[in-house]
Structure formats: structure tokens, C-alpha cells
Amino acid sequence: MDEKHSKLKGQLDVVLENIVLANEMIDGCDPRDDVNENEPLVDVVNSIKNMESKLENIVFKLKNEEVMNYLLKLNDDLKQTLNRYSRLKKGTWPAKFNRTCIREEDVKKLQSQKPVSPQKV
């Protein structure tokens with residue numbers, strides 16, 4: 001991967017971190033509460049919303065297939081996050097977040113972890 005695409009992938013990783021953070025925050029919310037009072041969540045979701053059109057514009061300009069695939073999965077996660085947030089704002093429990101975009105570093109970390117053996121009771 002060339003330097004330009006590597007830099008873009010790094011920027012997309014930041015968007016993914018915000019998506020993951022937003023979903024963790026959504027999971028911790030009760031739909032009966034006023035979501036607008038949760039300023040940190042509103043801020044993270046607004047930053048994600050601001051990236052939505054930018055991601056869509058970037059995908060048409062990309063020449064690197066690896067980064068394009070990553071971006072498409074990231075866009076799926078972004079849309080899913082915004083839908084979950086919308087349901088929460090309407091006072092309904094959002095569906096479970098099914099993450100499709102996973103960074104290589106996360107995969108390597110998961111692969112390097114030793115399986116946990118069950119404890120005897």
C-alpha cells in the first residue's frame with residue numbers, strides 16, 4: 001500500500017474508533033431517557049454524521065482495492081450506527097451492533113490471545 005492510501009487508512013481507523021465508541025455508548029443508554037441530554041454521545045454521533053458524505057465521495061476516487069473494501073465496510077458500520085442512534089432517539093431499543101469493519105491490528109490482537117479455559121466450580 002502506498003503512502004497516500006496508508007495515510008487515508010489511518011484516518012479511516014479514527015472514524016472506526018468513533019463508530020465503536022458511539023455503539024458502546026448507545027448500548028449503555030436507556031431509550032426511555034432523553035438522548036439529547038447525553039452530550040458526549042450526541043457529539044460522537046455528529047462527528048460520524050459529518051463523515052458520512054465524505055466517505056461516500058472518497059469511495060468513487062479510490063484506486064486501491066484493499067482500502068476501498070475497508071471503506072465500504074466502514075460505511076456499512078456507520079449507517080448501522082446512525083440507524084441504531086435514530087431508534088434510540090425514538091425511544092426504542094436499537095438492534096445489536098454487528099460490526100463488519102475490523103482493523104488488521106484488532107485481528108492480530110484477537111489471534112494472539114490465548115483461549116480462556118473454563119474454571120472448575
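Helix α1, which spans residues 3–27 of this predicted model, holds both K9 and D13, four residues apart and thus about one turn of the helix from each other. These two residues form a salt bridge in which the closest N and O atoms are 3.9 Å apart. K9 is buried, because its relative accessible area of 8% falls under the 20% limit, and D13, with a relative accessible area of 11%, is buried as well. This pair is one of five salt bridges that the structure holds.

The side chains of R84 and D27 meet at 2.5 Å, taken from N to O, and since R84 lies in helix α3 whereas D27 lies in helix α1, the pair ties together parts that are 57 residues apart in sequence.

From helix α3 the reader can turn to helix α2. Here K79 forms a salt bridge with E52, the closest N and O atoms being 2.6 Å apart, and as K79 belongs to helix α3 and E52 to helix α2, this pair ties together parts that are 27 residues apart in sequence. K79 counts as partly exposed at 30% relative accessibility, and E52 likewise counts as partly exposed, at 23%. Salt bridges with shared partners join E52 and K79 with E56 into one network.

Two packed helices are described by the angle between their axes and the distance between the axes. For helix α2 (residues 39–59) and helix α3 (residues 65–89), the angle is about 145 degrees and the axes are 10 Å apart, and the crossing is left-handed.

The cysteines remain to be considered. C29 counts as buried at 13% relative accessibility, and C101 counts as buried at 1%. A disulfide requires a pair of cysteine sulfur atoms within 2.5 Å, and by this rule the count for the model comes to zero disulfides.

Terms used:
Residues are numbered from 1 along each chain as its sequence is written. This is a predicted model: local features need pLDDT of at least 70, side-chain atom pairs count only at pLDDT 80 or more; totals for chains, interfaces and linings use all residues. Side-chain values use heavy atoms; hydrogens and water are left out. Buried means under 20% relative accessible area, exposed over 50%, partly exposed in between (1.4 Å probe, protein chains only). Axes are lines fitted to C-alpha atoms, for helices over the stretch in contact, and angles run from 0 to 180 degrees between N-to-C directions. Helices (H or I, at least four residues) and strands (E, at least two) are DSSP runs, numbered from the N terminus. A crossing is left-handed if the near helix is turned anticlockwise from the far one by less than a right angle, and right-handed if clockwise. A salt bridge is a side-chain nitrogen of Lys or Arg within 4 Å of a carboxyl oxygen of Asp or Glu.
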